[in-house]
Each structure stands twice: as structure tokens, then as C-alpha cells.
Amino acid sequence: MLFNTFASTIWGFSLLSTSFATPLPQGTGTGADSCATKELTTATWTDLKIDDFLKSWATSNVTATTTNSVQSLASSFGAPNFFCGLDNFCNAGQPCLPVELPAWYAMVAIQNWNSYMNSINTAITFASSIASLTLPSIVSDFYPKPKDDVTPLITASKIFTTALGVIPFTGAVSTAASAVSGSVSFLAGRIKPPTETNLFVKWSDVAASLATVVSDYQAAVSTSLKATLDAKVDDSANGILGVLSGGGFLGIAQNFTQADLQSKVTDSIKIYAIGLVLQAQGVFVYRYPSGCTEEYYAELCVDKADGSGKAGYSLIRSDGDSNAELQDDTAKLLLEKYGFTKEMIFTGPAGCFDANGKKQLVDPFTDALPLDKTSQCLFNLQVCGREETGWDSNKGIVDNCRDSQGLAI
């Protein structure tokens, strides 16, 4: 049995410090060499009915304690020096030396869970680094006079969870929907990221907001880890058996680099954040059924379904006196610097609006952002249409959108 400890340095700190197990070649000797092991996979966990084994074992063999119940479980398997925690990397040892099968598989899974939690704790700072490289330039480009009481801080927590969600339980970093969904579900259900109610993103000082999220998120990781270490192993809410259920943590951990994570999340974070900054200023999409010429960056003409001409979209903002200002410089920047298409700017938000019962700024991403940058609603703005009921031809665009369609502009 070989054990390896890998460390990846990201932004000057260790992202991973993970010890993991790979079975020894089978032989005819003694000890681990004669202890036949199967692949470290969820299939092995299921085939050997390890969940059932652990439930039965916990009932009959684990001494109840008020703290560190995970160590008590390990001790019952014959490994009394198995101590997990933040900055503690518990090691399952070699199979049958001393822990017999199938308990050894559970020890490997606990080891991987502990390493994963330590990696998440460290990678929170990495998530902050991604945001720090992305958000200030967006504010500079699109929000020259930022306000600090508009955007809920929970949106920043969602950005963090997006970055952390690509960190796997075991194996290589993957953007496969099932892998990311499993990680995000674990983060939301077991770690419970901070909600930061009644706090807002300080667009004038993004670093301060990110520091708040880092502190709160790391506190959540610490609380979650300690709760599981101390809870009765079969406790339905926090026990380690629930964490291990299904065998998701049975595998071989792999190190990963900054590039592995950053390349997978930056585009989605950037697109989402630009939407937030424009929302904070009341920028909206105005659509109208006729008269489109598309003379500006901030306009889009589309063929009407009945072939009767072209409908139009414009990117608009109120000037504060109910006058509609065409946001041509903003649209040009989106197109030329940030790689947007006109469809992303105009029909993207309109499609999200229509698909959700014409509700403004629907955010379907409960815990984290999608990694597919073309996902509907990722870039989102308020939408107002001249074709909607209640339009008063005696009023201007801004007054109509505010009064009859409820836009917060």
C-alpha cells in the first residue's frame, strides 16, 4: 500500500494537502500484501454493502463519546491514533495493518472526507483571489460611481460556491454535471455557506466584501467539520455515517492547480458579475414591436415571427429625471472587450424574463452558478416591453416601465 501526500500551491498557499490510498499489488506474503482489496470506487462500497456494515458496527462496537466520535469509530476498528480535523490529516494506513476489511474502506473514505474539508477551507481564499482578479475591473469599466447598498452580499457567496463546487470528493477536477452537482449539494447541505442577510456588496471596496465572505465561509467549514467529528457516528443530521453514505468519498484523491479551477469558473463568474453591476444601476432591456434600425451598439433588430418586419431591443438606463439614456458605451464594451454577443445582451435577459412568467431578475441558481456560460439567466437584466399591457402612449419609456411594469429603475 502506497500513500502519497500532494500539495498544490495556488496564489502562494497550499490548496491541497491530501493523503490518499492505493491498494498494494496482491501477493502471497503476510500483512497488507496478503490482504486482498478491491478498487476504491463507489461500486466497491455498494457491492460490499459498507453502509449496512457501518450501521451494524456502530450499534454494537462504538463507544459513545461527547467529542471526537470519528476517532472512537476508528479506535473500534483498531486505529486509536486516527485524529482528523482542520490542519490534521488522518491516515487510514495500509489494509489489514491494523484495520481489517471492510472497515479499512471506511477509514479511507473518512481520510478523503477530511482532506476534502481541508482543501475547501484553503480554497475559499483561492475563490477570493479569482473574484479579486475579476470584480474590480468590472466595477471600473461599468460602475464608475458605485453604490454599496444595492446588491445583496449573498451573491458573492454564490460566486465562492461556484469556485468550490468544482473541487471533487476524489479524482480529477471535472465539470461533469453530476460531479459538480454532488459537490455543490454537499457544500449547501453539509457546510451551509453563509447567507449574509442584510449585508450588501461594497462595490466601492470589493476587497472588504470578499474578506467578509472568506471569514464567514471558513467559519462555516470549521463548524461543519467539528459537528461531524463530534456527533454520534450514526446521528441523522451530522454523523459521519451520513457523510460516507453511498461511497462518494471512496476513491483516490488527486492534486489540482490554479489553472484547473480558474479556467472552469472565471467566464461564468465574470458574466454573472457584469449583470449584477448593471442591475445595481437600473440598466434594463427595452423591447418594442416595430421601428428598429440597429444604428447603435446598444440596439438589436430581430425578424418578427409573422414576417411583418423587425422588432427591436435597446439597452436603456434612466438618467434620474425619467429620461431614457441609450447605453451605447456599455454595449460596445460588452461586445468588444468582454466577448458578449448582442443575443447575450438582449435576447438572453428577455428569454429569462419570458420563461419565468415575466418575473424580473429571476435567479434560478440556488447555490452556485452554472459552468456553461451560455446558460439562460446567467447574464440577467430587468426587461420592459412596449407590447405589454398597460402601456401609456402619453408617457415616456422610463415612466411606463416604472409605473406600469414595476421596474426598479
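**Strands and a helix pair**

Let's start in β7, where G385 is the bridge partner of R287. Keep in mind that this is a predicted model, with local features needing pLDDT of at least 70, side-chain atom pairs counting only at pLDDT 80 or more, and totals for chains, interfaces and linings using all residues. Residues are numbered from 1 along each chain as its sequence is written, and side-chain values use heavy atoms, with hydrogens and water left out.

Strand β3 (residues 284–288) runs parallel to β7, joined to it by four bridges; two strands pair if DSSP finds at least two bridges between them. Strands here are DSSP runs of E, at least two residues, and helices are runs of H or I, at least four, numbered from the N terminus. In a regular strand, side chains alternate between the two faces of the sheet. Strand β7 (residues 382–385) is covered on both: Q382 and C384 are buried on one side, V383 and G385 on the other. Buried means under 20% relative accessible area, exposed over 50%, and partly exposed in between (1.4 Å probe, protein chains only).

Next, look at β4 (residues 299–303) and β5 (residues 310–318), which pair antiparallel over five bridges. E299 sits opposite S314 in β5. The two strands form a hairpin with six residues between them, and G307 in the turn has a positive phi of about 75 degrees.

Now for the helices. In α4, I120, A123, I124, A127, S128 and I130 meet F160, A163 and L164 of α5, contact being heavy atoms within 4.5 Å.
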